[in-house]
Amino acid sequence: MRPLEGLVVLEFCQFLAGPSAGLKLADLGARVIKIERPIKGEACRQLSIKDLFVDDSSLLFHTINRNKESFAADLKNPEDLILIKKLIAQADIMTHNFRPGVMEKIGLDFKETLAINPKIIYGTITGYGNIGPWAKKPGQDLLLQSLSGLSWLSGRKSQEPVPFGLAVADLMCGNHFVQGILAALLKRAKTGKGVLVEVSLLESVLDVQFEAITSFLNDGGQLPERGDVKGSAHAFLSAPYGVYQTLDGYLSLAMGDLIFIGNALGVDLNAYVEKSLWFEKRDEIRTILANKLLTKTADNWIEILQKEGIWCGKVFNYEELDNQPFVNELHLKQTVKNSDGATLVTTRSPIQLDGKILTSIKAAPKVGEDNQNIHEQFLNNA
Amino acid sequence: MKPLEDYLIVDFSQFLSGPSASLRLADLGARVIKIEKPGTGDICRTLYTSDLIMNGESSVFHTINRNKESFAIDFKQPEELEKLKKLLVKADVVMHNFRPGVMERIGLSYEAVKIINPTVVYASISGFGNHPDLKDLPGQDLLLQSLTALTWLSGNQEDGPVPMGLSIVDMLAGAHLAQGILAALYRKATHNIGASVQVSMLESAFDFQFETITTYFNDGGELPVRTKTNNAHAYLGAPYGIYKTKNGFLALAMGSIPVLTSLLKCDALLAFPENKFALRDEIKNILALHLQTKDTDFWLNILEPADIWCAGVLNYQGLFAQEGFKVLEFTQKVAMLDGYTYETTRCPIKIDGEYFTSSKGSPKLGQDNEKIIKEFIAL
């Protein structure tokens, strides 16, 4: 039995952060119903990467919204709003990521929702919280990365700020949202009362930086400084930490005893026996290592290093990764199918429960695909 | 009332992934007891980054392990193991991030713990799960970023692999483990059954890339291509990126090129009336040259009123000076038992209007032994 079986989630969220949380809840067993405006549906349906579509909706939408149902309703239409309120009365959880003020206007803020369902768990995602000068700013991932200091942690010192190449603020916030909602379920199990859960992209992208920010706070306000050699991987870590080019591709070296690693590679690092130099002179040291590593193939080096128990690994691209037998052996892919029978291959939940992976064949719904079913189950007698 | 009040978590994990999960659970109200090896403790205590030592131990350890207790016990000794089992009997959650096989050898596998505590939630993080060829490889963040191709998404086209500059896979695995534990605790609360929860860094890194990996699976196997300059997302068109200005940097998210052309008075962009993905390098190039000519605020003052998604690029100093940051009260001061205080961040989740702060700093190794023995073991 999946842990959230029997729970009904109404998802008013759009785009990535909220819906990625809904997906996790769905995979953990909840019944997640997307509430979407009729015909066009959620905005992400038309947001595509490389113009890839599965049906009327983008592959991107399908990736984020599999294993969910869709109920089409116009929140600005009073008749539809009555239906939505009937649904809320029977739901366990509702989530939205409207900008502050929108749900108040519709009449579905937390207080009003509690009057409809005193046990509702009401989750909201904002960009920057509800107060302060940033509350109305667009909560967009790259902007959050830029404002939060995150773009000064990757890449090299002489480069411009280098953002993370995927929507890390959205995704971490989605993860925190799931944690908050699950904790709220535990609270409700004790008190029998509704719970308000609030997360923001800004707090989430700051939480990811908790180590770097704590260093900054306790190190006299010193800013993180990136290494300046290609393949620099962490502003706070000493040599050899980083990526290196070899004769035929790249490998990574994690932390370890530099002198020992130097010996394994056949590099003389006697000038750097003093441990403090491993950080201070990391660019110099990494340049020496980089020159040496260029002389053999990645497999060659990995064999030499692994024999000594040194932490290293190859750098794959998606093709090389996809060719690894473990991808299928660990069932890292799953195939999902929509109501027309169209299929696509995607990833699955990263959580295993009672020794089992959590998969589901159900692809993302079409707009309003489940209206009739939901009417029959929730609305006809309510 | 904190949601996890009255829950007891016994945590054998070290470094970042597991301890970041138990930190979250501690902030949500659980009592977390770290089980540590006498003498050395969690290896993270001596894992220094940029050589920052606080009160004799690493800054990283203090960041991840505040709001927890420490019980130093050599559970490889049979009589000590028996003592420890008395604590495990009372635990709601037992968690670890040893490599597969280690807890089995100690005699604390899920099956073994379930015998003395049938409704326990037993949670573990590994690098690669139980895969026979992989299970003995180090589950280390940079190696997982490298293995799962995450390094080809950030930076510019000619930069080679560019890792994300913090332990993102550790943190994701920790976040997913916390989710699994919370879901299992909910099932335990409603159905009174235990669970085993497993997360691997490999699966967490896949999940993080679910959009780009799914794209790869469905676009005929095309590899992501980063833009030549100003890359912020391999799969997004211009202007998406960070640009140098006369006095700093400006981030531009999605936006219409013709609209930007007229707002920025950038005539060279008139040649690109349609925002063709294939021409994103050329468009970015022109934008980069143009944006260098004026200060960041000059551009923001034009773009923000027009609802263009843009922002200045801040470092921690700049961020901390902003009112939008200050109103969050995101930092907190914590104190260790010996009186040493330090500043750190707080839990990012707010429930019923309450921020989950705690003034309790990280524990010295074994500082809670006496109390724990008295409470759980001495009987």
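**Pockets and cavities**

In this predicted model, the lining of the second largest pocket comprises 20 nonpolar, nine polar and five charged residues.

The largest cavity has a volume of about 150 Å³. It is lined by 19 residues, with A:Ser20, A:Lys24, A:Asn175, B:His176 and B:Asp207 closest to its centre. Two or more lining residues come from each of helix H1 (17-27) and helix H7 (168-191) of chain A, and from each of helix H7 (168-191) and helix H8 (201-208) of chain B. The greatest contribution is that of H1(A), which supplies five residues. By class, the lining of the largest cavity divides into ten nonpolar, five polar and four charged residues.

The second largest cavity, in turn, has a volume of about 130 Å³. Here 14 residues form the lining, and A:His176, A:Asp207, B:Ser20, B:Arg24 and B:Met171 lie closest to the centre. At least two lining residues are supplied by each of H7 of chain A, helix H1 (17-27) of chain B and H7 of chain B. Eight nonpolar, four polar and two charged residues make up the lining of this second largest cavity.

Conventions
Residues numbered from 1 in each chain as written. Chains lettered and ligands numbered in written order. Predicted model: local features only at pLDDT ≥ 70, side-chain atom pairs only at ≥ 80, totals over all residues. Heavy atoms only, no water. Nonpolar A, V, L, I, M, F, W, Y, C, P; charged D, E, K, R; others polar. 1 Å grid on protein atoms, 1.4 Å probe; cavity = no way out; pocket = protein on both sides within 12 Å on 5 of 7 lines; lining within 4 Å. Points joined across faces, edges and corners; volume = space filled by probe spheres on them. Helix = DSSP H or I, 4+ residues; strand = E, 2+ residues; numbered from the N terminus.
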